[in-house]
Amino acid sequence: MSDSQVTIKLTSDEALVLSHWLEKLQMTALGQVVDDPAVWAPIHRIAGTLDKTLTELFASDYDERLEAARQRLRPED
C-alpha cells in the first residue's frame, strides 16, 4: 500500500460549492450515484476536510454566500 498523498487546491468559491454538493450527495440515494463502496472513503475524507476548513458553513448568511460563489463559478454565456 502506498502512503503517498495527493494535494488538491481549490479556491474558496470552489470549496464552498463542492462542500454543499457533497453534503447533498451524501443525503441522497447514494447507491444510484456511487456504485463502488471504495469511493466512499475519499468522498468522506474530502467532505470532512471541507467541513473543518470552511467557516462559511456556519455563517448566518450561508445561503447568500453559496449563491454568490455559484454565480462567480458559472461560465459566462
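Arg74 pairs with Glu67 in a salt bridge (a side-chain nitrogen of Lys or Arg within 4 Å of a carboxyl oxygen of Asp or Glu), and their closest N and O atoms are 3.4 Å apart. This is a predicted model, in which local features need pLDDT of at least 70 and side-chain atom pairs count only at pLDDT 80 or more, while totals for chains, interfaces and linings use all residues. Residues are numbered from 1 along each chain as its sequence is written, and side-chain values use heavy atoms, leaving out hydrogens and water.

Arg74 is partly exposed at 42% relative accessible area (buried means under 20%, exposed over 50%, partly exposed in between, with a 1.4 Å probe and protein chains only). Glu67 is partly exposed too, at 30%, and a network of salt bridges links Glu67, Arg70 and Arg74. The whole structure holds four salt bridges. One of them joins Asp13 to Arg72, with the closest N and O atoms 2.7 Å apart. That pair connects distant parts of the chain, 59 residues apart: Asp13 lies in helix H1 and Arg72 in helix H4 (helices are DSSP runs of H or I, at least four residues, numbered from the N terminus). Asp13 is buried at 18%, whereas Arg72 is exposed at 54%.

Now look inside helix H1, residues 12–26, where you will find Ser19. Ser19 is buried, with a relative accessible area of 7%. Leaving aside residues up to four places away in sequence, Ser19 touches Leu50, Asp51, Leu54 and Leu57 (contact means heavy atoms within 4.5 Å).

Methods. Helices (H or I, at least four residues) and strands (E, at least two) are DSSP runs, numbered from the N terminus.
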